[in-house]
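Me: I would like to work through a protein model slowly, one question at a time. Please show it to me first.

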Amino acid sequence: MSDHGHELAFGGFLTPSAGRPEQVVARAKLCEQVGLDLVTFQDHPYQPGFLDTWTLMSFVAAATSRITLAGNVLNLPLRQPVVLARSVASLDLLTGGRVELGLGAGAFWEAIEAVGGRRLSPGAAVDALDEAIRVIREVWDTGRRGMIRVEGEHYRVVGAKRGPAPAHPAEIWVGAYKPRMLRLVGRAADGWLPSLAYLPKGPAELPALNAVIDEAAAEAGRDPGAVRRLLNVTGAFSRSSGGFLDGPPEQWVEELAGLALDHGIATFVLGSDEPRAIQLFAQEVAPAVRELVAAERTTPGSRARAVEEQQAAVEAGGSTALAVSPTPDPGVRLSARRLWDESTRPAAPPPPAGHVYTARGQAVGQHLVDVHDHLRQELTQVRDLLEQVKRGAVAPDAARAVLNEMTMRQNNWTLGAYCAAYCTAVTQHHGLEDASIFPHLRRADAGLAAVLDRLEEEHVVIHGVVESVDRALVDLIRQPGDFTELQAAVDLLTDTLLSHLSYEEREIVEPLARHGFFAGQL
């Protein structure tokens, strides 16, 4: 086992496509929103179909607030070391310490040469990278007196001033596969960043490659554990297993945990531009891997026991996959009013790794969705009835005006009764949750407190919207034909309620499938 005990991190590896730059930025922001630690971009300055990676990183840095950024990996032959060192330090200072340096010796030499770069032999490329790392560390070492002096064969920096230093101890991660590059990683880099797809034998190659790094680190007087092991991974999320990292999230959890515990991989970077895959990786895989690895580090053997217990529970009729799908927010807003900031909604903690959901638990989670579906359907009928009454409010000619007014008043009363009944149903549903279901969930899982607090706050807001619908109905009865106030109130109710129902399902359907609506139900 070569687990060095590093804190685990998870990131995204995005394609910097120039054709749809707004999509690239949106996916980077998604990485932050779903809880990933890191977002990275490949760097091919000779590729006109790609955005310039450093420019993109700077733009994304300004559009985010928490996530770390890195090139994966930056093309050294086309990026001068002193300028690169100062670029990294500058962006790190501007972001408060959110930049790491992923660095490569270079590849695709014909393309590099075509845009003005130098073609280097494999050995010379390693030597140049070694010299560049020395230059970069000298630039950052502002605590040392004197000018920078690195007189290398490929980079000669004599008399340059030091600085600026990064806001935090920025790390240098090197992409490497061959022995000479791996030895460079062991003696000079802070991290090793290969891609699993480039290892012909897959994870089976990791022990031998790790051994080269460890040996070189020891020879240089370094602790091999000081070198963080990162890994770019690709795969597919599917219902059944189709191979390594091709299957349901629980399979990914077991396999990534194995890479961490058996091969020391501490950072997993998902190569995918698919939003759903990014979300699954961040919200279902990453937390469970962290939990499984932490348990194994604390109590060796717990991973094997967890797998055995999980398998036994599945054989007894349960499933490690939650079969209930929360209803997504429609994303369309009918009213210009916003009664809350959706970006401040807290998220529920991840479920326990490998938890098996019983058929009864799945049914409990589905029941909440079914209740909400009924409320959504009834809301659609309220809106349809409102449209019908509005269309009948205009008399086609003067001769029918009296009859039409009588019909309109009757329709108004019908609409009022239907709306009042619906508003009562919404209020009763929320009252049941506040009085019974939420207190039970608080007792069952203290980690849900922030989510439950927010749901209760939104109940209060929605109650105020319901009251505005009631007031608009009263005014409509007094002044038939003017639907302006009622339409605005129903639009606002639609926006707030559909948003709330979606948020509630997203955060508590899974806890309900574990804990039920009341103590002892499951």
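Me: Is L245 buried or exposed, and what is its relative accessible area?

Reply: This is a predicted model, in which local features need pLDDT of at least 70, side-chain atom pairs count only at pLDDT 80 or more, and totals for chains, interfaces and linings use all residues. Residues are numbered from 1 along each chain as its sequence is written, and side-chain values use heavy atoms, with hydrogens and water left out. L245 lies in the loop between strand 11 (236–237) and strand 12 (246–247), where strands (E, at least two residues) and helices (H or I, at least four) are DSSP runs numbered from the N terminus. Buried means under 20% relative accessible area, exposed over 50% and partly exposed in between, with a 1.4 Å probe and protein chains only, so L245 is buried, at 0%.

Me: Which residue in strand 8 does L101 stand opposite?

Reply: Strand 5 (residues 101–104) has both faces covered, with L101 and L103 buried on one side and G102 and G104 buried on the other. Strand 5 runs parallel to strand 8 (residues 172–174), and 3 bridges join them, where pairing requires that DSSP finds at least two bridges between two strands. The residue opposite L101 is I172.
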